[in-house]
Amino acid sequence: MSKQVCVLLADGFEESEAVIPVDLLRRGGVEVILAGVETMAVRGGHGIVVTADALLSDVALEGVDMVFVPGGLGGVNHLLDSPCARDFLARAAAADKYLAAICAGPTVLSRLGLIDGKRAVCYPGCEELLPPAVHVPGQRTHRDGRLLTGEAAGSAFDLGLLMLEVLEGRERADEVRRSVYYYG
């Protein structure tokens with residue numbers, strides 16, 4: 001049975017932070033649902049419009065193994081303003097699903113109290129928005145149990161491969177790494 005990742009997309013999300021991990025996960029055989037928080041056509045922070053697979057309100061949490069929050073300050077603010085997104089993330093944490101976030105995305109999890117005491121990385125300059133989570137300086141990605149975080153757009157490949165490794169194993173992640181000639 002294929003693992004499933006739900007990616008929360010809200011207007012203003014950072015395109016590369018969402019699309020690169022999604023591509024790597026799908027190459028690795030993981031089912032990915034791009035969930036539009038408000039609309040099916042979601043405009044990224046750099047004007048790229050991505051068509052969601054479903055509205056978040058229609059996604060069943062039961063089949064989801066991991067929830068992923070891309071960064072982008074606009075997207076982050078829209079997620080925090082969305083009762084649907086806040087509820088989905090809270091239910092995912094309560095159900096002990098994996099939570100993954102990159103750049104400013106970990107600040108959403110922190111603001112919702114979902115990663116209290118966990119160690120995480122985030123975009124440089126967002127550290128003050130991370131408490132009560134503990135910032136880990138100098139790492140591109142970090143895993144603390146069921147929490148996976150990435151520093152910024154430049155670590156999107158690293159985080160995507162870490163997500164794949166957690167869900168499908170190191171061997172599968174290495175196969176995908178080799179297939180895209182990623183040596184980071």
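## Salt bridges

A salt bridge is a side-chain nitrogen of Lys or Arg within 4 Å of a carboxyl oxygen of Asp or Glu. The structure holds 10 of them. This is a predicted model, in which local features need pLDDT of at least 70 and side-chain atom pairs count only at pLDDT 80 or more, while totals for chains, interfaces and linings use all residues. Residues are numbered from 1 along each chain as its sequence is written, and side-chain values use heavy atoms, with hydrogens and water left out.

Helices (H or I, at least four residues) and strands (E, at least two) are DSSP runs, numbered from the N terminus. D87 is partly exposed at 40% relative accessible area, and R91 is partly exposed at 36%. Here buried means under 20% relative accessible area, exposed over 50%, and partly exposed in between, with a 1.4 Å probe and protein chains only.

R140 pairs with D158, the closest N and O atoms being 2.7 Å apart. R140 is partly exposed at 40%, whereas D158 is buried at 15%.

In helix α6 (residues 170–179), R172 and E175 are three residues apart, about one turn of the helix. Their salt bridge has its closest N and O atoms 2.4 Å apart. R172 is partly exposed at 27%, as is E175 at 31%. Salt bridges that share partners also join E165, R170, D174 and R177 into one network.

Seven strands form an open sheet with mixed pairing, in the order β5-β2-β1-β6-β7-β11-β10. Two strands pair if DSSP finds at least two bridges between them. β5 (54–55) and β10 (141–144) stand at the edges with a single partner strand each, so one side of each has no neighbour in the sheet.

Strand β2 (residues 31–36) runs parallel to β5 and is joined to β5 by two bridges. A35 has A54 of β5 as its bridge partner.

Helix α3 (residues 83–94) lies across β1 (4–9), β6 (66–69) and β7 (98–102), at about 140° to β6. Axes are lines fitted to C-alpha atoms, for helices over the stretch in contact (heavy atoms within 4.5 Å). Angles run from 0 to 180 degrees between N-to-C directions.

## T149 in strand β11

T149 lies in strand β11 (residues 147–150) and is buried, at 0% relative accessibility. A polar atom of the T149 side chain lies 3.0 Å from the backbone nitrogen of V121.

Leaving aside residues up to four places away in sequence, T149 touches A101, P106, A120, V121, R140, T141, H142 and L159. R140 is also the salt-bridge partner of D158.

## The chain as a whole

The protein chain has six helices and 11 strands. Its radius of gyration, taken over C-alpha atoms, is 15 Å, close to the 16 Å that the globule rule (2.2 Å times the number of residues to the power 0.38) gives for 184 residues, so the chain is as compact as a globular protein of that length. The C-alpha trace spans about 40 × 35 × 35 Å along its principal axes.

Buried residues make up 51% of the 184 residues. Of the contacts with a separation of 6 or more, 64% are between residues 24 or more positions apart.

Note on methods. Polar contact = N/O pair within 3.5 Å; in protein donor to acceptor, adjacent residues only side chain to side chain.
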